[in-house]
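Morning, everyone. One model today, and a short walk through part of it. Please have the viewer open.

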Amino acid sequence: MRRWRRGWRTGPIPRARTPDGEVIFTSGASEAAALALGHAKAGARLVSTVEHDCILQAAPQAEQLPVLGNGAVDHENLAEAVRRERPLVAVQHVNSETGNRQDLAAIAAITHGEGGLLLADCAQSAGKFDLPPCDMAIVSAHKFGGPIGSGALLVKDYAMLEPSGGQER
């Protein structure tokens with residue numbers, strides 16, 4: 001167990017400004033992905049071909065977006081795909097196998113320009129980079145010093161999600 005000491009530097013998240021929005025605690029990134037992909041108020045689901053398996057399993061019918069040779073999402077194909085209907089676009093911030101970092105600011109601009117929603121999988125980048133501009137973000141606590149078996153879905157507004165139980169707003 002990690003001992004927390006006064007003055008110990010913990011990385012970007014504790015020093016970051018508090019974003020507007022809501023935090024939904026989950027048992028990890030996989031549950032957060034399933035929640036977002038299963039309940040987002042959006043038309044189609046679009047995912048890149050290099051997404052983590054939990055994203056692909058949570059959205060088996062999703063259209064897969066091609067990536068370039070360097071692993072970056074092809075912005076031209078993304079722009080064409082988001083024009084079809086108001087989609088939820090799910091993209092990793094940082095790929096856990098290659099270390100490739102997606103340009104989520106550009107992806108957000110393309111997605112939001114057509115009225116879509118952006119889900120950023122920040123399981124690998126949280127605590128190492130600032131949170132990207134997105135509508136929803138997935139984090140896994142153990143990746144930045146938290147306990148194993150806990151994560152969260154960060155959501156700008158609960159209205160982006162369909163309620164799934166009588167106790168929810």
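Helices (H or I, at least four residues) and strands (E, at least two) are DSSP runs, numbered from the N terminus. On that basis, the protein chain has 5 helices and 7 strands. The order from the N terminus is α-β-α-β-α-β-α-β-α-β-β-β.

Now the ground rules. This is a predicted model: local features need pLDDT of at least 70, side-chain atom pairs count only at pLDDT 80 or more, and totals for chains, interfaces and linings use all residues. Residues are numbered from 1 along each chain as its sequence is written, and side-chain values use heavy atoms, with hydrogens and water left out.

Some totals. Buried means under 20% relative accessible area, exposed over 50%, partly exposed in between (1.4 Å probe, protein chains only). Of the 169 residues in the protein chain, 41% count as buried. A contact means heavy atoms within 4.5 Å. Take the contacts between residues at least 6 apart in sequence: 57% of them join residues at least 24 apart.

Next, strand S4, residues 88-92. How many of the residues of S4 are buried? The count is 5 of its 5. In a regular strand the side chains alternate between the two faces of the sheet. In S4, Leu88, Ala90 and Gln92 sit on one side, Val89 and Val91 on the other, and all are buried.

What does S4 pair with? Two strands pair if DSSP finds at least two bridges between them. Strand S2, residues 45-48, runs parallel to S4, with 3 bridges joining them. There, Leu46 has Val89 as its bridge partner. S4 also pairs with S5, in the parallel sense, over 5 bridges. Ala90 is bridged to Leu119 in S5.

Helix H5 comes into this too. S4, H5 and S5 make a right-handed β-α-β unit. Right-handed here means that, with the strands pointing away from the viewer, the path from the first strand over the helix to the second runs clockwise.

Which residues of H5 are buried? In this helix, residues 104-113, they are Leu104, Ile107, Ala108 and Thr111. Seen down the axis of H5, they fall within an arc of 100°, so they line one face of the helix. The arc is that of the directions from the helix axis to the C-beta atoms. On the other side of H5, Ala109 and Gly113 are exposed. The cover over the buried residues of H5 includes helix H4 (75-82), strand S4 and strand S5 (117-121). After H5 comes Gly115, with a positive phi near 85°.

On to H4. Its buried residues are Leu78, Ala79, Ala81 and Val82. They cover an arc of only 165° around the axis, which puts them on the same side of H4. Those buried residues pack against S2, strand S3 (63-65), S4 and H5. At the start of H4, a side-chain oxygen of Asp74 reaches to within 3.0 Å of the backbone nitrogen of Glu76.

Last stop: Gln92, in strand S4. Is Gln92 buried or exposed? Gln92 is buried, with a relative accessible area of 7%. Leaving out residues up to four places away in sequence, Gln92 touches Val50, Glu51, His52, Gln102, Leu104 and Asp121. One of these, Leu104, is also among the buried residues of H5. That is the tour. Thanks.

Key: Polar contact = N/O pair within 3.5 Å; in protein donor to acceptor, adjacent residues only side chain to side chain.
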